[in-house]
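Student: I am new to this structure and would welcome a guided reading of it. Could the discussion proceed by question and answer?

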Amino acid sequence: MFGYITPDKPDLKIKEFEVFRGYYCGVCRAIAKRAGHRGRFILSYDTAFLALLLDSLNSSPVSGKPGRCPVHPLKKRFIVNYSDVLEFSSDINILLAYYNLKDKWQDERKLFSPIGLFSLRRGYKRVKKKHPDLVRDIEKGLSALNELECGRCGQMDEASEPFAGIMKKVFEYSAECDSAKKTLGWIGYNLGKWIYLLDAYDDIEDNIKRGAYNPLVIQFQYGENENIESFRQRVKKEVEFILVYSLSEMEKAFSLLDVKKNHGILENIIYRGLLIKTRQVLEMGAGCDEKPL
Amino acid sequence: MRNPYEVLGLKDGASIEEVKKAYRELVKKYHPDRYMDNPLSELAEEKLREINEAYDYIIKNAGNGQRQSYQRRQNTGTSGFTGSYQHDSQMVYRIKMLIQNGNFTQAQQLLDSMQVRDSSWHYLQGLLFLRRGWYDRANVLLRRAVDMEPNNMEYREALNRVSNQYYGYRHNPYYHGSGYRQSPDMCSICTTLWCADSLCECCGGDLIGCC
């Protein structure tokens, strides 16, 4: 995934920040357990959010303890205990990182990809065996995405549909009842849409230079000699509308969710973090520099 | 029944004033108007019903007989297009019902089969896209419908709902509430003072004596 889903750190309480980091470290540890230590490099904020959101639906208090890890050997940190939710989130992280690397290898032939692929392969196979339906749905979505890209789809809504659909499946997968499934699904759908389009906007410059596919470049008809920065400014308003509207729909679904704990962190992400990230990418185009916590 | 105080997000034994305040805020949050173009509108209605029950229960047991929950003032059962049904043609009415009930495939088939692409077609297709999550297309189509028939209040309202939701989230109180991002830093305060001083000097006065 892309690491766009982040909290607004200065607005978090220190306690809340520690819990958020606890989930982040928990997912990281779960990945290491299932895909080896090299797997830790694929960790993403987005799956930490997935773990946080899904775990907040359980009424049991956050359980975890201070621990050390090879990445930060000097200081003990609060790490959330291993659970079904962490296992699922790390599975999703492994899965998406695997597809991402595979895609990169096919598109760009980057040298490090086969090494990464090799170390993730074992984890990927294990996940596929455990959630065959989900993996099938995701792969169906990815091939639909691929088809749209090959057909050079020039419509934001249509282009973002497959990825939004994948996220819908991921979020609703472990829901216990129908209403939770619907709500989580709508959260996932809209987040997926937001992530895909935010990434597309973030990549405009890169994609134009490399001549790679970008739905925005096609929809808003980038002219050959047009200045890239002025193109970004030209399309900003339309892109901002769909990004913020997706977030507002996601917020509505979130309001209906029966959240039992971690209210502060979740609200921080949903009402501030995502908006700030949107603004950052739209204004400066510096969104994807994911730094570990 | 769940603990009514819990439903309203309060601690047991909260005062009547607190209950009323929480109730007002929750009604605003789950109001049918807010969920009109959202696929989860049924869940929002259910939530509102639960809130109403909790509120009624608390008020009744408080014994002052003020039972004026939201439900009694306004019927929340059927949100949506109720007001305009009698003016619609058979086809438009059917498509509206299909969209409202979440039957998108059939609604899309009917829309595709319509020969005339008039303002009502643009409006309905816009509503359908909105529910399906295709916001860019929805926005364009609704705008088109309003342009084609500027006097139609129904179209105008739908477009207004979209922009209200957009601005409502973008300027949500949580985002704008804590002001550490908005407050001016030392640098901009100094420049502002300097500018003010220069302006005063132009007019012959002086704001800061030393420079």
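Tutor: A definition comes first: Lys and Arg count as positive and Asp and Glu as negative, while His and the chain ends are not counted. The place of a charge is taken as NZ of Lys, CZ of Arg, CG of Asp or CD of Glu. This is a predicted model, in which local features need pLDDT of at least 70, side-chain atom pairs count only at pLDDT 80 or more, and totals for chains, interfaces and linings use all residues. Residues are numbered from 1 along each chain as its sequence is written, chains are lettered from A and ligands numbered from 1 in the order in which they are written, and side-chain values use heavy atoms, with hydrogens and water left out.

Student: How far apart do the centres of the positive and negative sets of chain A lie?

Tutor: Chain A carries 46 positive side chains and 40 negative ones.

Student: Which pattern does chain A follow along the sequence?

Tutor: Helices (H or I, at least four residues) and strands (E, at least two) are DSSP runs, numbered from the N terminus. Chain A has 11 helices and two strands. Read along the sequence, the pattern is α-α-β-β-α-α-α-α-α-α-α-α-α.

Student: Why is chain A described as being as compact as a globular protein of its length?

Tutor: The radius of gyration is taken over C-alpha atoms, and the globule rule is 2.2 Å times the number of residues to the power 0.38. For 293 residues the rule gives 19 Å, and chain A is close to that value, so the chain is as compact as a globular protein of that length, with a radius of gyration of 19 Å.

Student: What percentage of the residues of chain A count as buried?

Tutor: Buried means under 20% relative accessible area, exposed over 50%, and partly exposed in between (1.4 Å probe, protein chains only). Among the 293 residues of chain A, the buried share is 57%.

Student: Which residue of chain B is in contact with L274(A)?

Tutor: Contact means heavy atoms within 4.5 Å. Leaving aside neighbours within four places in sequence, L274(A) touches several residues of chain A, including Y4(A), L191(A), W194(A) and L247(A). From chain B, the list holds Y169(B).

Student: Is K193(A) buried or exposed?

Tutor: K193(A) belongs to helix α7 (residues 178-202) of chain A. Beyond neighbours within four places in sequence, its contacts include D157(A) and E161(A), as well as G133(B), W134(B) and Y135(B). Its relative accessibility is 0%, so K193(A) counts as buried.

Student: Is K237(A), by contrast, buried or exposed?

Tutor: K237(A) sits in helix α10 of chain A. Its C-alpha atom is separated by 9.4 Å from that of L282(A), 45 residues apart along the chain. With a relative accessibility of 68%, K237(A) counts as exposed.

Student: What is the relative accessible area of N262(A), and what is that of Q221(A)?

Tutor: Most residues other than glycine have a negative phi. Phi is positive in N262(A), near 55 degrees, and in Q221(A), near 45 degrees. N262(A) lies in the loop between α10 and α11 (263-283) of chain A, and Q221(A) in the loop between α9 (215-219) and α10. N262(A) is buried at 12%, whereas Q221(A) is exposed at 63%.

Student: How many helices does chain B have, and what percentage of its residues are buried?

Tutor: Chain B has zero strands, and its helices number 11. Of its 211 residues, the buried share is 41%.

Student: How far apart are the C-alpha atoms of A62(B) and M97(B)?

Tutor: A62(B) is part of helix α3 (residues 41-62) of chain B, and at 41% relative accessibility it counts as partly exposed. M97(B) is 35 residues apart from A62(B) along the chain, and their C-alpha atoms are separated by 42 Å.
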